[in-house]
Every structure is written in structure tokens, then in C-alpha cells.
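Me: I have a model open and want to learn how to read it. Can you take me through the features one at a time?

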Amino acid sequence: MTEPNITPQEFKRLKEQVTARMIQILTEEQGYSLEDAIDRVYTSTIYEKLSDPSTGLFFQSPRYVMSYL
């Protein structure tokens with residue numbers, strides 16, 4: 001996949017939005033503590049992929065990205 005045509009700031013904002021929503025879903029719907037949800041997301045291999053703009057995952061819904069968690 002090629003690099004998307006967005007600025008680094010836009011990429012960062014979109015990645016943070018997806019990440020925050022994933023953490024929210026884990027805490028509110030799956031019973032994780034906030035600390036455990038944060039750890040689960042940020043230490044996952046899918047977060048590494050989400051952090052790579054060439055994957056395009058930051059354009060996907062948080063639930064879709066979580067399906068790989």
C-alpha cells in the first residue's frame with residue numbers, strides 16, 4: 001500500500017481518535033480497567049500497524065481495527 005495523502009498532523013489525529021475509541025470500547029463494553037485497556041492497545045501488534053500510515057488502518061473504524069486485537 002502507498003502512503004496516504006494526508007499531513008503528519010492529520011495522521012496523528014486520526015490514529016489518536018481510533019486508539020481512544022478502542023480503549024473506550026474495551027473499558028465500557030468488555031470490562032477492562034482503564035489501565036489494562038491502555039496496555040492492551042498500546043502493546044499490541046495491531047497498534048504497531050495502526051502507527052504505520054501505509055497500512056491505512058487509521059481510516060478504518062475502531063471496531064474493525066479491534067477485530068485484529
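Reply: Start with a term. Helices here are DSSP runs of H or I, at least four residues, numbered from the N terminus. By that count, H1 is followed by Gly31, whose phi is positive, near 75°. Keep in mind that this is a predicted model.

Me: How many helices and strands are there in the chain?

Reply: The chain has four helices and zero strands. Along the sequence the pattern reads α-α-α-α. The radius of gyration is 12 Å, close to the 11 Å that the globule rule gives for 69 residues, so the chain is as compact as a globular protein of that length. The C-alpha trace spans about 35 × 20 × 20 Å along its principal axes.

Me: What does H1 reach from its first C-alpha to its last?

Reply: Compare the span with the expected value. H1 has 23 residues and reaches 32 Å, close to the 33 Å expected at 1.5 Å a residue.

Me: Which residues of H1 are buried?

Reply: Begin with the geometry. An α-helix has 3.6 residues a turn, so residues three or four places apart point the same way. Now the case here. The buried residues of H1 are Phe11, Leu14, Lys15, Val18, Thr19, Met22, Ile23, Ile25 and Leu26. Their cover includes H2, H3 and H4.

Me: Take one of them. Why does Thr19 count as buried?

Reply: Buried means under 20% relative accessible area. Thr19 counts as buried because its relative accessibility is 2%. Thr19 is found in helix H1, residues 8-30. Leaving aside neighbours within four places in sequence, Thr19 is in contact with Val41, Tyr42, Tyr47 and Leu50.

Me: And Lys49: where does that residue lie?

Reply: Lys49 lies in helix H3, residues 45-50. At 46% relative accessibility, Lys49 counts as partly exposed. Beyond its neighbours within four places in sequence, Lys49 is in contact with Thr55 and Leu57. For scale, take Gly31, 18 residues from Lys49 along the chain: the two C-alpha atoms are separated by 25 Å.

Me: Now charges. How many salt bridges does a search of the whole structure find?

Reply: The search finds two salt bridges. For each, check the distance, then the positions in sequence. Glu16 pairs with Lys12, the closest N and O atoms being 3.7 Å apart. Both lie in helix H1, four residues apart, about one turn of the helix. Glu16 is partly exposed at 43% relative accessibility, and Lys12 is partly exposed at 48%.

Me: What about Glu29 and Arg63: which distance, N to O, goes with their salt bridge?

Reply: Their side chains meet at 2.8 Å, N to O. This pair links distant parts of the chain: Glu29 is in helix H1 and Arg63 in helix H4 (residues 62-66), 34 residues apart. Glu29 is partly exposed, with a relative accessible area of 47%. Arg63 is partly exposed too, at 46%.

Me: Which residues make the nonpolar surface patch?

Reply: Look for nonpolar side chains at the surface. Leu34, Ile38 and Tyr42 make a patch of about 290 Å². Leu34 sits in helix H2, residues 34-42. At 54% relative accessibility, Leu34 counts as exposed.

Me: Last, the totals. What share of the 69 residues counts as buried?

Reply: The buried share is 32%. The accessible surface comes to about 4,600 Å², of which 50% belongs to carbon and sulfur atoms. Among contacts between residues at least 6 apart in sequence, 61% join residues at least 24 apart.

Definitions and conventions: Residues numbered from 1 in each chain as written. Predicted model: local features only at pLDDT ≥ 70, side-chain atom pairs only at ≥ 80, totals over all residues. Heavy atoms only, no water. Helix = DSSP H or I, 4+ residues; strand = E, 2+ residues; numbered from the N terminus. Buried < 20%, exposed > 50% of the residue type's maximum accessible area, 1.4 Å probe, protein only. Contact = heavy atoms within 4.5 Å. Patch = residues over 30% accessible without salt bridge, like charges linked within 9 Å, V, L, I, M, F, W, Y side chains within 5 Å. Areas by Shrake-Rupley, 256 points an atom, 1.4 Å probe, with all protein chains shown as cover. Salt bridge = Lys/Arg side-chain N within 4 Å of Asp/Glu carboxyl O. Expected span 1.5 Å × (residues − 1). Rg over C-alpha atoms; globule rule 2.2 N^0.38 Å.
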